Amino acid sequence: MADAPRLVLVDKMTEIPFPVSLKRRSEVGSTAPSSMRWLVRGIAALALVTAASWLGYALAFQRGLGHLHVAAQQRLAVEAARLDGYLSRFEYLPSLLETSPSVFKLLGDPADPPLQQSVSMYLKSINLLAGADNLYVLSVSGEALAAADFDDAGTPVGRNLSYRPYVSEALARGRGAFFGVGITSARAGYYLSYALKEGGATKGIAIVKINLDSFERGWRDLPGDALLLDERGVTILASREAWRYRPIAALSREILDDIARSKPYADYNLTPLDWTVVARSEGGAARVATGNGTAYTISELPINRGLWKLVLLDDEAPIRQTALMIGTLSGLASVVGLLALGLVVQRRREMRQRLANQAALQAAHDMLETRVQERTAELRAAQDELVHAGKLAALGQMSAGIVHELNQPLAALQTAADNAVLLVDRGSIADARGNLTRIGELVRRLGRLTGQLRVFAYKSSSPLGAISVEQAVSETLKIFAARIKESGVSVATNIEADLNVVADQTRLEQLLCNIVANALDAVEGVERKSIVIRATREEGHAARCRIAISNSGPSIAPDVLRRMFEPFVTTKPAGKGLGLGLMLSNHIARSFGGALHGRNLPDGAEFVVILPLAEMTEAASHGR
């Protein structure tokens, strides 16, 4: 009996240490795997955050480069249009001298000083109107006989310029072009040459020099930098002085020998720019690094019939800073995601830790939302800038067109008037009458252009009133009555009674006149000439009037149909139409609160004017 209690006691004593030792061994054994798991989780989390940050940075950087390239292309289009338009202004100028008898007289007798003085004064008067840097005449041997700057110290008169390429090009092909620094004036310019022929034989060469310094000065105020490369890859214009007359890459020995003969860059040493191409994309943009470590995104566009290349350079530093910010935000977002995952796992284990993590998550979320709002505001501002750049592009295109349309007739008027005086002095009345007829045609052309622009600029100060559609159509047809009868055009009208619209009488008639005039032009070359004018009411959310003017002429080409309300878009031959009529009509319709549409019909084309209807009582009080 005494042994039993001892056995029980021993058993109990031996049972107590057993589980305790086992627990300790289990804890010691699980410490290493737990530490390893946390290490692996930490490395995975760090890799995820790093990957998210890098991905956010890379995507933001590429997106920023894309936006930068789009904006650069728009600026390139504007500057290229300005530069091409400026150069085209002077292409006609050398050929005008072929109409001057005094120039050919000087070429026949180059040693006559009074004749040289007279021709130089004539060239100076033409150049004052044209606005070129210089205008001069050479003999076939390259001797400068007369110049617009004959009274300046740097005039080319008396010098032989036969080594210049534009002389040999004009003699060989009739025309030549060359950019170079003037030997006598030390001023850079673009030279356009033209062979002066009489009876099929070349008697001399006319040259106009164009100064491009104004473009270079203007580029210094633009965002980023700009430069212009000639056909040899040498910078001839640059927004930075240190880049001018430096090639993009080292020049070959053949090109250097040609430069030594023609001397286009004076005494500049033509040291290549220390640029390294980092990357080049399919869209035409490239990234370069300069010698001082600055990284640029460059965009380029060929101009001057592909001879030159206009290049824009945008610093990548702002885009890289924005990308770093977005990469940081991406990393923070991934951290927030990891915290959220940790909260889900630990939610049943520890409530206090969950609350603390939720507070941290909310703080990170608030910061992220604030950053996102800031970036959204910046993106909207960037979008507004792009829209503004598009408007400037359209304005630049219109300005270039208007300058071109005005300068050619004005210069031709000057030349024709001078020749008419000479012909009258000689008694050649028939030839003088031909010059005067030409002057009349040029004046009418200028009148058409200024008339269209005056209508576009016109803004009525009187309020809109109720205008009778039937009366407006009737007045329009009266204007074209003689032309309709002459051309044998069948005009049919179908106007609903008592149809009145909210408009201005004069501008509504101008709108209808533009469309009817286009319809008459369209049916000129077809066998069945007919125009139909219909006006009906349209009932709906708001009462409107629909005026449809259809013609039996040919269909409008799809590319013209898409752009027919843009300025200077026309299918008419040169000199007959300016491409402003439909743009003005669309502008007038919109000013009335309406719209103008065009479409092709199976047997012609149709233009539809939608205008708001006016009440009859209002029409009675505003009747003409």
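At what angle do the axes of helix 14 and helix 16 cross? The answer is roughly 145°, with the axes (lines fitted to C-alpha atoms, for helices over the stretch in contact, with angles from 0 to 180 degrees between N-to-C directions) coming within 9 Å. Before the details of that pair, a few words on the model as a whole.

This is a predicted model, in which local features need pLDDT of at least 70 and side-chain atom pairs count only at pLDDT 80 or more, while totals for chains, interfaces and linings use all residues. Residues are numbered from 1 along each chain as its sequence is written, and side-chain values use heavy atoms, with hydrogens and water left out.

The protein chain has an average pLDDT (the predictor's confidence in each residue, from 0 to 100) of 80, and 82% of the residues score at least 70.

Of its 624 residues, 39% count as buried, where buried means under 20% relative accessible area, exposed over 50% and partly exposed in between (1.4 Å probe, protein chains only). Among contacts between residues at least 6 apart in sequence, 61% join residues at least 24 apart.

Back to helix 14 (residues 505-522) and helix 16 (residues 581-591). Their crossing is left-handed, a label given if the near helix is turned anticlockwise from the far one by less than a right angle, with clockwise making it right-handed. On the helix 14 side, Arg507, Gln510, Leu511, Asn514 and Asn518 meet Gly581, Leu582, Leu584, Ser585, Ile588, Ala589 and Ser591 of helix 16. By class, that contact has five nonpolar, six polar and one charged residues; Ala, Val, Leu, Ile, Met, Phe, Trp, Tyr, Cys and Pro count as nonpolar, Asp, Glu, Lys and Arg as charged, and the others, Gly among them, as polar.

Helix 14 has another partner in helix 12 (residues 469-479), with axes that come within 9 Å and cross at roughly 55°. The two are therefore oblique to each other, given that angles under 35 degrees count as roughly parallel, over 145 as roughly antiparallel, 65 to 115 as roughly perpendicular and the rest as oblique. Helix 12 passes helix 14 in a right-handed crossing. Here Ala472, Val473, Glu475, Thr476 and Ile479 of helix 12 meet Gln505, Leu508, Glu509, Leu512, Cys513 and Val516 of helix 14, a set with seven nonpolar, two polar and two charged residues. Glutamine 510, in helix 14, is partly exposed at a relative accessible area of 23%. Its C-alpha lies 9.6 Å from that of alanine 472, 38 residues away in sequence.

Two loop residues have positive phi without being glycine. Lysine 263, with phi of about 55°, is in the loop between helix 8 (253-262) and strand 8 (276-280) and is partly exposed, at 43% relative accessible area. Arginine 305, with phi near 60°, is in the loop between strand 10 (295-303) and strand 11 (308-315); its relative accessibility of 62% makes it exposed.

Notes:
Helix = DSSP H or I, 4+ residues; strand = E, 2+ residues; numbered from the N terminus. Contact = heavy atoms within 4.5 Å.
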